[in-house]
Amino acid sequence: MASQMSSYKAMSLRSFSSFRKAPSTEIFNSRRSSSANLLAFLNMTYCSTTSSNDLYPSSKRRSRGPVMAAKKASKGEKQEDGKYKHTVDLPKTKFGMRANSTTREPEIQKLWEENQVFKRLSDRNNGGSFVLHDGPPYANGDLHMGHALNKILKDMINRYKSLDQESRKTLTPLKLRAKAAKFAKATVKAQMASFKRYGVWADWDHPYLTLDPEYEAAQIEVFGEMVFQGYIFRGRKPVHWSPSSRTALAEAELEYPEGHVSKSMYANFKVCSAPNKGGLLELFPNLFLAIWTTTPWTIPANAAVAVNAKLKYAVVEMRRPLEDIPTSSADGKKMVGNFLKEQENSFLIVAEDLVSTLEAKWGVELVVKKLLLGSDLENCRYNHPIENRECPVVIGGDYITTESGTGLVHTAPGHGQEDYVTGLKYGLPIFSPVDDDGIFTEEAGKFSGLDVLGEGNAAVIEYLDKQSSIIMVEPYKHKYPYDWRTKKPTIFRATEQWFASVEGFRKAVMDAISQVKWTPSQAENRISAMASGRSDWCISRQRTWGVPIPVFYHVETKEPLMNAETISHIKSIISQKGSDAWWYMSVEELLPDKYRGNATEYEKGTDTMDVWFDSGSSWAAVLDKREGLSYPADLYLEGTDQHRGWFQSSLLTSVATKGKAPYTGVITHGFVLDERGLKMSKSLGNVVDPITVIEGGKNQGEAPSYGADVLRLWVSSVDYTGDVLIGPQVLRQMSDIYRKLRGTLRFLLANLHDWETEYAIPYSDLPVIDQHALFQLESIVKNIKDSYENYQFFKIFQTIQRFVIVDLSNFYFDVAKDRLYVGGTASFTRRSCQTVLAEHLLSIARVIAPILPHLAEDVWQHLPFQHATEDGDIAKFVFESRWPELNDKWLAFPVKEVEFWGKILELRTEVNRTLEAARTGKLIGSSLEAKVYLHAFDESLAVRLNEMCETKNDADTLHRIFITSQVEILSFLSDTRIENIPYTGEYLMEGEKKIWIGVSRAEGLKCERCWNFSHQVGSFVEHPTLCSRCFSAVDGQPMPALAAAV
Ligand SMILES: [Zn+2]
């Protein structure tokens, strides 16, 4: 942990300065711990493409000249430059620099609601729909970061689908799934309010509730269908049983808390007969089987001892050590049994591999007398240690290992799954002398009335020890199943239950799994392993709430009555009156006509269905029944814990009745941990509450209000397929990135304040720098679309962030300011730049909208011009616009040119380095006071650079790109002028080809309006302080470049 902490510190943005070109592969390879990835990515952004001194300060110093002058002048400060301030095009917008999210986000949400944007989008259904089926609720009503992660991921997908018309015609509402309990409705209401505040769009007016009669009826239908298919049966099988809530439990209702300690017991069972081989008979009568168990209370139900046929077993003679065996208190650590204290010259059978382990544990010498295979032990018999009966040694399965215990397994088929299976093989009795409360029944004889998890367990140990059957008892820490509701331990207990025979349709389940697209792909292995290994599904519960198992029993024979007629009749009653009817209506009313006359012979079953059967039927109750939805769903998206929960229960019910999975895609996400990777808990004080993140805490200094969009930005930034990290530091980083993005959008809005769509310059006329910018824009839009399609939001986050910082802020905007502010309001150079900016604004707002809907809408509401969709309607809201259509012409920017511009940008970084040195040496202040000299050792490059100096498109000239007043390409380095160039540097290109860089002061005089230096300043009589460009702009003359381009 410590090293991780320090690496976070090293990654903080501003403290980072040294290396360039961090290898990007390293950063993207590690898939887990996404927040760390994010931070690493920040470094890459700052290191790989730009040197640190190119980040903030220099660009500000370089290009603010004309703007600062105008601003100072407008504030009435005495400033010579004020004379031309009215000719400078200052950025202008009401779009705030700060998000002001606590008021602005709710305003935007209200705007959507009042204009029914979501509803209209849903109604605009004119084609295929995308169904994201929302899953089962969490166990409690308090929303935490896991909910936020889950719901925001879903919302991002829904909003993307609503924008992208190519793949989907419309958005299908996200259905809120609620908990079917008596507080469900209140809980749902409270949860909805929070989800809405996260900016989650859903069909809030029509949530589905499992307690709706129509839902319950659909569930009965699924159950009935499974009955008709022959998959439902009643049987006596050991199940997880919770004495504290007096019901059977499914795997998904169990939890395994840390620190459970059981009393584990080594006991011996005396062998009473053996096959006449292997020489076992010679060792009678003092021959014992050594067994080990962590549940001594199951010994009364012992029916056999199981061995692994393939394992080697040893018959050992037990010799007491010279020293006394360490004894200890009965309640404390180890308790040495009477057997160890009293018995001498006894023979024990144990697994050969465990002999030395057991010697050490028991503190005795074990001398190996014989070796034999497990299969040789079959058909030995032993005396039950409590009851007066003989039991067999049987062959168990591969579950018998030498990892712990003795290699011989005490087998009680009524109290364990593997024991049950082995018991079936040998026809062993399924004995389970324990009642619903976990109390020994009369069948348990002398232990009757004792609690198996308490005094009953102790009484069994005490009794066995009196019989000298105990070798040793010691505490044993292990995973033990607890009831997730009561947080109390459970037991394994055989009872009469209803089961769904998974064996009956397992192959179909495996086939269905392979048809689904699982994200991440490992999820397929996980669910396959679970489905292939799972036993029959115990679907009955002994509870008075929930959906009843619609069965009647004959009063005398106890024979169940359940068929198509009874189920269909009950289903129709429940669809009208709800499942409560099962309890308040009489048997006579609940039975169909045919059986009504015999109503007195029947009684109602009292079992209800497993809640996982409830939620596992949602595909039938919602997807299949509601208009506008379809079965199977396109996507289920929940936490990884749902592999054994909802994903699986839905899969089983769907495959059993329809033969296919209820979904075509499944995405799982990990858990939310704190910044150090620790689980969040109140005691650690590391809980991050989503509403506090959005609205701020009591102490705004410690917990500022970041707004829903910052929270959503975080969700987009993490690789949710693993566990994800969040904490104050991560949130601050997110907030910084959000602000940069907002600043970018503000720059775009502000410089388009006078824009009209008809001003747009045709693509073919645009300067190359502008064509290049459109190529970059379109490339990221294309990438982002791919990432949305693959639900890889963290890639979108990285792409956007890199684009905004590296491509826009550090380069295109930096260079653009000059022509935007002083190029002349209606000049070609300014209009071509605005053409590019308008495209950026519209595209960025739309591609970020699914992730940052409030920011995108805020931008849209501040658009200084109107945007029409393809069908000619004005898009009043960002979500009424469509996903930007890819512009193939922009993408066709030649590859060679892309490479060349990449080099120009690298060269620019090196030029900036040299300029910075000149600035430090006080040769220049602003970069406009400098002239740059270049010498290219490669001839063709020299030609190209010369062309760039002389190009007719002012925007493409090198000195504009470098934001200096002049650039000159030197033909020879031996030029004597070099001696007078005070600052030099070089750019190593592709190893061999070098470009030499020199910086001196600019020539000529400073133009009052644009601060560029030029020999022409002073040559215009009316405007003696202006350069020729500014003279044209001020004099209202068309720019030479425009004349050339048209
Ligand atoms: Zn000028």
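At what angle do helix α26 and helix α27 pack, and how far apart are their axes?

Modeller: Happy to! Keep in mind that this is a predicted model. Helix α26 covers residues 708-717 and helix α27 covers residues 728-750; they pack at an angle of about 105°, and their axes are 9 Å apart. Angles of 65 to 115 degrees count as roughly perpendicular, so α26 is roughly perpendicular to α27. To see where the two helices touch, look on the α26 side for D709, V710, L713, W714 and S717. Their partners in α27 are V730, L731, M734, S735, I737 and Y738.

Helix α29 (residues 793-822) packs with helix α30 (residues 828-848) at an angle of about 155°, and here the axes are 11 Å apart. Angles over 145 degrees count as roughly antiparallel, which is why α29 is described as roughly antiparallel to α30. The crossing of α29 past α30 is left-handed. On the α29 side, the contact includes I800, F803, L808, Y812 and F813. Among the residues that α30 brings to the contact are T829, V836, L837, H840 and I844.

The chain has 37 helices and 38 strands. Of its 1046 residues, 57% count as buried. If you take the contacts between residues at least 6 apart in sequence, 76% of them join residues at least 24 apart.

Further along the chain there is a zinc ion to visit. Its protein donors are the SG atoms of C1007, C1010, C1027 and C1030, which lie 2.2 to 2.3 Å from the ion. The angles among these four donor atoms are 105 to 113°, and the site is tetrahedral. Along the chain, the donors follow the spacing C-x2-C-x16-C-x2-C. C1007 sits in the loop between β37 (1005-1006) and β38 (1013-1014), while C1027 sits in the loop between β38 and α36 (1028-1035), so this pair ties together parts that are 20 residues apart in sequence. Are these two cysteines, C1007 and C1027, buried or exposed? C1007 is buried, with a relative accessible area of 0%, and C1027 also counts as buried, at 6% relative accessibility.

To return to your own question, start with α26 and α27 on screen and find the angle of about 105° between them.

Technical notes: Residues are numbered from 1 along each chain as its sequence is written. This is a predicted model: local features need pLDDT of at least 70, side-chain atom pairs count only at pLDDT 80 or more; totals for chains, interfaces and linings use all residues. Side-chain values use heavy atoms; hydrogens and water are left out. Donors are N, O and S atoms within 2.8 Å of the metal (3.2 Å for Na, K and Ca); water is not among the atoms, so sites may look incomplete. Four donors count as tetrahedral if all angles lie between 85 and 135 degrees; four count as square planar and six as octahedral if opposite donors are over 155 degrees apart and all others between 65 and 115; anything else is irregular. Helices (H or I, at least four residues) and strands (E, at least two) are DSSP runs, numbered from the N terminus. Buried means under 20% relative accessible area, exposed over 50%, partly exposed in between (1.4 Å probe, protein chains only). Axes are lines fitted to C-alpha atoms, for helices over the stretch in contact, and angles run from 0 to 180 degrees between N-to-C directions. Angles under 35 degrees count as roughly parallel, over 145 as roughly antiparallel, 65 to 115 as roughly perpendicular and the rest as oblique. A crossing is left-handed if the near helix is turned anticlockwise from the far one by less than a right angle, and right-handed if clockwise. Contact means heavy atoms within 4.5 Å.
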